[in-house]
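Biologist: I would like to go through some of the labels used for this model. Please give the cut-off behind each one.

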Amino acid sequence: MSPEQAKGRQVDKRADTWAFGVLLYEMLTGRQAFGGTDISETLAFVLTREVDWDSVPAETPPSVRRLLRRCLTRDRKNRLAEMSMVRVEIDEAGEVPEATPAAGITEPLAEPAFWQRPAAIAAMLLGALALGGLAVWSLMTPPPSTERLTRFGITLPEDVQFFSTGRHIVAAAPDGSFLVYTTTQGLRLRPVGQLESTLIPGTDGAREPFVSPDSDWIGFYADGQLKKVAVSGGAPIVLCNAVRVYGASWWEDDTILFGQGSAGILRVAGTGGTPEVVIEVADGELAHGPQMLPDGEWVLFTLRPATSTLWDSSQVVVQSLSTGAREVLIDGGRDARYLPTGHLVYGLSGVVFGVAFDADARAVVGGPVSLLEGVRSAGSGSSGAMQFSVARDGSLVYVPGATAAGGTARRLMWGSHRTRGAAPGRAGSLSGGESLTRRQTSRARHG
């Protein structure tokens with residue numbers, strides 16, 4: 001995936017030349033150009049790291065090295081504009097001039113290594129060109145025959161009911177291995193590969209579950225305190241005192257952001273301590289669902305204005321921790337989440353929408369796409385929570401039902417929409433139809 005794709009920006013033919021360059025690099029070196037343990041790490045490497053040029057064999061002809069660099073430059077203004085230009089470079093790389101013997105020398109020159117011969121160079125590059133085209137095609141428009149949509153319901157046992165539906169009641173592990181949800185008995189953990197859920201001891205009255213980036217810990221709010229409990233077992237650990245938590249998230253640097261409504265947004269270490277206010281709001285405003293963006297500087301959250309009691313009238317905003325500058329991304333939306341694919345997902349009137357998002361420029365790209373309808377939301381007097389959660393691999397869990405009124409929901413839906421054999425770095429997909437990446441890219445291209 002090219003850097004502009006990773007950022008959620010519009011793409012053109014230069015994304016093809018980037019993909020070709022990645023494949024050619026991997027053919028020459030026998031190693032991944034941008035390795036990573038998961039999709040989000042691979043995308044981060046695409047945006048921040050150069051390929052290891054020292055791994056390119058020393059005997060690689062200068063023309064091939066030049067071609068690689070012109071394909072793998074992050075600044076697409078300096079990248080080869082399209083594959084026809086790559087073909088010209090390939091033809092030039094294969095044109096090795098004949099050596100002319102010096103006067104008086106009759107011995108034949110040493111034969112070049114196989115892959116340095118013009119025919120071998122051309123065959124290798126043309127092979128990479130064909131593979132590159134296939135890779136880009138599978139990335140941008142995978143055929144329906146290679147896709148697999150998984151979607152199934154999870155019905156709660158007869159003696160189990162959701163608890164505190166005016167707050168978040170479900171969270172998916174970032175690695176997609178389990179989901180956790182709040183019940184009148186406490187938190188219940190359900191591994192994806194198992195049919196039964198397990199009650200987590202010591203979590204009576206727990207609400208607002210969230211999971212650490214490594215999926216090893218579950219955070220929650222109970223008894224006026226923010227707490228965490230290890231997925232592997234053990235007693236809950238108190239992190240800090242808190243009042244009426246309005247959404248929480250765990251950042252990669254082991255800090256936790258949580259909303260406090262009219263008190264703004266607070267931050268506390270994942271190991272516990274005294275929380276600090278990092279974002280303040282004006283009188284009458286409420287802050288909900290903070291999440292740190294990848295740069296570690298801007299915080300994404302929902303801001304309900306003082307002029308309304310309806311969370312659907314809220315704004316999705318970002319604010320700088322250093323300068324306090326605030327920017328409105330979406331006017332009329334709630335409970336937004338940033339995904340490592342370079343998208344925002346958010347709720348409005350029981351519908352989950354997705355939109356491409358340029359995190360560097362802090363700007364949405366194109367118009368929103370409806371991903372899922374009939375998703376339960378907290379009531380207007382409760383919080384801005386929409387009852388869904390998304391894992392890094394694109395799996396999505398949600399609670400059906402448009403509102404929190406009645407408190408009778410007893411069912412979770414778990415879904416994923418993936419492509420078999422997807423290459424590392426490919427954007428994850430969401431349940432509810434086509435992948436977000438493909439739909440949003442198509443919409444951006446066609447206005």
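Modeller: Two strands count as paired if DSSP finds at least two bridges between them. Keep in mind that this is a predicted model.

Biologist: What makes β7 and β8 a pair?

Modeller: Strand β7 (residues 217–222) and strand β8 (residues 225–230) share 6 bridges in the antiparallel sense. Pairing needs at least two bridges, so β7 and β8 are a pair. Within it, Ile 218 stands opposite Val 229 in β8.

Biologist: Why are β6 and β9 called edge strands?

Modeller: The open sheet has 4 strands in the order β6-β7-β8-β9, with antiparallel pairing. Strands β6 (207–211) and β9 (237–241) each pair on one side only.

Biologist: Why is the pair of Phe 162 and Tyr 181 called edge-to-face?

Modeller: Their ring centres are 6.0 Å apart, and the limit for a pair is 6.5 Å. The planes stand at 80 degrees; over 60 counts as edge-to-face, so the label applies.

Biologist: Why is the pair of Phe 210 and Trp 250 called tilted?

Modeller: The angle between their planes is 55 degrees, with 5.9 Å centre to centre. Under 30 degrees is stacked and over 60 is edge-to-face, so the rest, tilted, is what remains. Phe 210 lies in strand β6 and Trp 250 in strand β10 (residues 248–250), 40 residues apart.

Biologist: How do you know that Phe 210 is buried?

Modeller: Its relative accessible area is 5%. Buried means under 20%, so Phe 210 qualifies. Trp 250, with 9%, is buried too.

Biologist: What puts the charged end of Arg 362 over the ring of Trp 298?

Modeller: The charged end of Arg 362 is 3.9 Å from the ring centre, and the distance limit is 6 Å.

Notes
Residues are numbered from 1 along each chain as its sequence is written. This is a predicted model: local features need pLDDT of at least 70, side-chain atom pairs count only at pLDDT 80 or more; totals for chains, interfaces and linings use all residues. Side-chain values use heavy atoms; hydrogens and water are left out. Buried means under 20% relative accessible area, exposed over 50%, partly exposed in between (1.4 Å probe, protein chains only). A charge sits over a ring if NZ of Lys or CZ of Arg is within 6 Å of the ring centre and within 35 degrees of the ring normal.
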